Amino acid sequence: MPVKLTEHEIEDALKKLPNWQREGDTLRREFQFKNFLDAFAFMTKVAICAEKIDHHPNWSNSYNKVVISLTTHDVGGLTPRDLALAEAINREAP
């Protein structure tokens, strides 16, 4: 089972994760695209990354906007898996 990150580890990680904000026990980021097709294409890329990492986001999509929240439910907070997925998502972001 993954180990929950300390406050210090989370603060350090956020310095390396541009545009991600902490909201309680989650990391959250919003993305805006030119249109629905671009938003959906991004979600498809993220889905492939999530499957490879075996860690899946909570997300929503409305037309050209995608909102992603990451947390590890098993431990009730943030773990290295959330950071790894956030980094992968950043690589796919426009």
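Let's start in the sheet. In β4 (65-70), the bridge partner of phenylalanine 31 is valine 66. Strands here are DSSP runs of E with at least two residues, helices are runs of H or I with at least four, and both are numbered from the N terminus. Six bridges join β2 to β4, and the two strands run antiparallel. For a pairing, DSSP must find at least two bridges between the strands.

A word on the model. It is predicted, so local features need pLDDT of at least 70, side-chain atom pairs count only at pLDDT 80 or more, and totals for chains, interfaces and linings use all residues. Residues are numbered from 1 along each chain as its sequence is written, and side-chain values use heavy atoms, with hydrogens and water left out.

Back to valine 66. Beyond its neighbours within four places in sequence, valine 66 is in contact with several residues, including Phe31, Phe33, Ala39, Phe42 and Met43. Contact means heavy atoms within 4.5 Å.

Now β2. How many of its residues are buried? Five of the seven are, so β2 is largely enclosed by the rest of the structure. Buried means under 20% relative accessible area, exposed means over 50%, and partly exposed is in between, with a 1.4 Å probe and protein chains only.

β2 has another partner. Strand β1 (residues 21-23) pairs with β2 in the antiparallel sense over three bridges. Glutamate 23 stands opposite threonine 26 in β2. The hairpin has two residues between the strands, and there glycine 24 takes a positive phi near 65 degrees.

Next, helix α2. It has 18 residues and reaches 26 Å from first C-alpha to last, close to the 26 Å expected at 1.5 Å a residue. That expected span is 1.5 Å times one less than the number of residues. Which residues of α2 are buried? They are Ala39, Phe42, Met43, Val46, Cys49 and Ala50. They cover an arc of only 120 degrees around the axis, which puts them on the same side of α2. The arc is taken from the directions from the helix axis to the C-beta atoms. These buried residues pack against β2 (26-32), β3 (58-62), β4 and α3.

On the other side, Leu37, Glu51 and Lys52 are exposed. Leucine 37 has a relative accessible area of 62%. At the start of α2, a side-chain oxygen of asparagine 35 reaches to within 3.1 Å of the backbone nitrogen of leucine 37. Just after α2, aspartate 54 takes a positive phi of about 60 degrees.

Now the core. The largest nonpolar core has 22 residues, and those with the most contacts inside it include Trp20, Phe31, Phe42 and Val66. Such a core is a set of buried Ala, Val, Leu, Ile, Met, Phe, Trp, Tyr and Cys residues joined through side-chain atoms within 4.5 Å. Two or more residues each come from α1 (7-15), β2, α2, β4 and α3. The largest share, five residues, comes from α2.

Two last stops. Glutamate 9 sits in helix α1. At 39% relative accessibility, glutamate 9 counts as partly exposed. A polar atom of its side chain lies 2.7 Å from the backbone nitrogen of threonine 6.

Threonine 79 lies in the loop between β4 and α3 (80-92). Buried or exposed? Threonine 79 counts as buried, at 0% relative accessibility. Leaving aside neighbours within four places in sequence, threonine 79 is in contact with Pro2, Val3, Lys4, Leu5 and Thr72.

Methods: A polar contact is a pair of N or O atoms within 3.5 Å; within protein, one must be able to donate a hydrogen and the other to accept it, and residues adjacent in sequence count only if both atoms are side-chain atoms.
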